[in-house]
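Good morning, and thank you for the time.

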Amino acid sequence: MTNPQWSNWSGHVSCRPTEICLPETEDQVTEIVQKAIRNNQKIRIVGRGHSFSQLVETNDILVSLDKLSGLIEINDTKDEATVWAGTQIKQLGELLFEHGLAQENLGDIDVQSIAGATATGTHGTGVTFGNIATQITKLTLVNGKGELVHISKTENSELLGAARISLGTLGIITRISIRCCPTYNLKINLSKGTWNETVDNLEQLNKDNRNFEFYSFPYSETVQHRITNLTTEPAKKDGLTRYFNDIVLENGFFWLLCEMTKRMPSISQRMSRFISSAAVVTTKINHSHKIFATVRNVKFNEMEYNIPIEAYKDCAIEIKAKIEKEKYQVHFPIEHRFVQGDDIWLSPAYKRDSAYIAVHMYKGMPYKKYFEDMEAIFRSYNGRPHWGKMHTKQCDTFEQIYPKWNDFKAVREQMDPNQVFLGDYLKDLFGC
Ligand SMILES: Cc1cc2nc3c(=O)[nH]c(=O)nc-3n(C[C@H](O)[C@H](O)[C@H](O)COP(=O)(O)OP(=O)(O)OC[C@H]3O[C@@H](n4cnc5c(N)ncnc54)[C@H](O)[C@@H]3O)c2cc1C
């Protein structure tokens, strides 16, 4: 019998694990780890497979917590919710909403698991918010010795810095507690601007708005602003206009344009300019978790780097100039987001307020040269890669760009002395 096939969202990473385990209880998670230790097997953990890097890849045991999801409890003061780690972000948003609660910030999709999203440092935008892992107050994991470890400010607190973003290398996270706030409505304005105005006024745009981000388009001076602020206006039902914008224009029509460009890559520049001119301009009002989430049906590959905020403008200008000089065949927009620094050891935003710049390539179109050249620029600005997105391994430089790199490795060895959770990709990443 052949082993089951697993592949990630973009289809770029695939493997054939010997088995895919779907535990339904914490005890079953512990048994899986203990059995793997006895049999000298490796384990990788999968959330919802939305990472572009090879973090999940394994030819041994793959563990998914899809069946270990849902609400465990909300605390008495109603500012913390504990869920099973396999809970999808969308489900978490709905569960919290039923209790009058919400997460303070999110990324731009909601289909990941909460454990998977936080494990790679998934972030949204907004200079007064850290990445999603900064919302974690407690977590429980089964480490590489098969022990259940509770981590919070009052229990094993020395592990909090390492465990909130751990790439699934300290153990299988089973429970996560998230800091919550009362529900709130957001209004998002999608509008067009120009490149020069936007980069020149960035500080103000970030100051004036709760969540500011923008998309730039290769070979175009037009950008799309996505400005989100609190509102007391009531949520508006998703009507036909929203369906038309989100599904027909941003996915269906966009997919058609991408397919055309894949078949005739020489039209990339003109296509990118056309896409920028056709960028959606609209306003939506809804409950926060529904505003953050967008539908992404068009498949792509992506590289994203975190840049210190002070270096952002120079870096963004250099990226734009390099694309124009090299004339890469790319028509996919570039995303620019801004976050607050934090204290999580492997967070790309560790101890620095940051910008994230993400470059994308439509699935099936060559991306290597484009990503390599962009990566060289990101690195020259002290860039740190998003762990869930494409990047080349640089264990020699991680030590310099992550002040706590060796501390993390020491915790890793202590939590997983038999290297149960290190597959080949992660061994290389950690320089083992
Ligand atoms: C269309 C799309 C949009 C995206 N948008 C954003 C965005 O807005 N912002 C952003 O920052 N990123 C974004 N990402 C990246 C994505 O959020 C991350 O790659 C995220 O880690 C994926 O979550 P997942 O549940 O699919 O986890 P997976 O990709 O399955 O796993 C990610 C990591 O988490 C580990 N893991 C999963 N579950 C557990 C567990 N229970 N215990 C321990 N470790 C575990 C895995 O081993 C792996 O190392 C996007 C990706 C896609 C495809």
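Please bear in mind that this is a predicted model. Let me begin with how the chain is connected. Of the contacts between residues at least 6 apart in sequence, 74% join residues at least 24 apart. The secondary structure amounts to 14 helices and 20 strands. With 432 residues, the globule rule gives a radius of gyration of 22 Å, and the chain comes close to that at 21 Å, so it is as compact as a globular protein of that length. The C-alpha trace extends about 60 × 45 × 45 Å along its principal axes. As for burial, 45% of the 432 residues are buried.

I turn now to the domains. The chain is divided into two: domain 1 covers 71-182, and domain 2 covers 185-385. Taken over C-alpha atoms, their centres are separated by 25 Å. How many residues does each domain bring to the contact? Domain 1 contributes 25 residues, and domain 2 contributes 26.

Let us look at the domain 1 side of that contact. Two elements each supply two or more residues there, namely α2 (89-98) and α4 (160-163). Which of the elements gives the largest share? That is α2, with three residues.

Terms used. Residues are numbered from 1 along each chain as its sequence is written. This is a predicted model: local features need pLDDT of at least 70, side-chain atom pairs count only at pLDDT 80 or more; totals for chains, interfaces and linings use all residues. Helices (H or I, at least four residues) and strands (E, at least two) are DSSP runs, numbered from the N terminus. The radius of gyration is taken over C-alpha atoms; the globule rule is 2.2 Å times the number of residues to the power 0.38. A residue is buried if 20 or more other C-beta atoms lie within 10 Å of its own, exposed if 12 or fewer, and partly exposed in between; C-beta atoms are placed from the backbone. Two residues are in contact if their C-beta atoms, placed from the backbone, lie within 7 Å. Domain bounds come from an automatic or database domain assignment.
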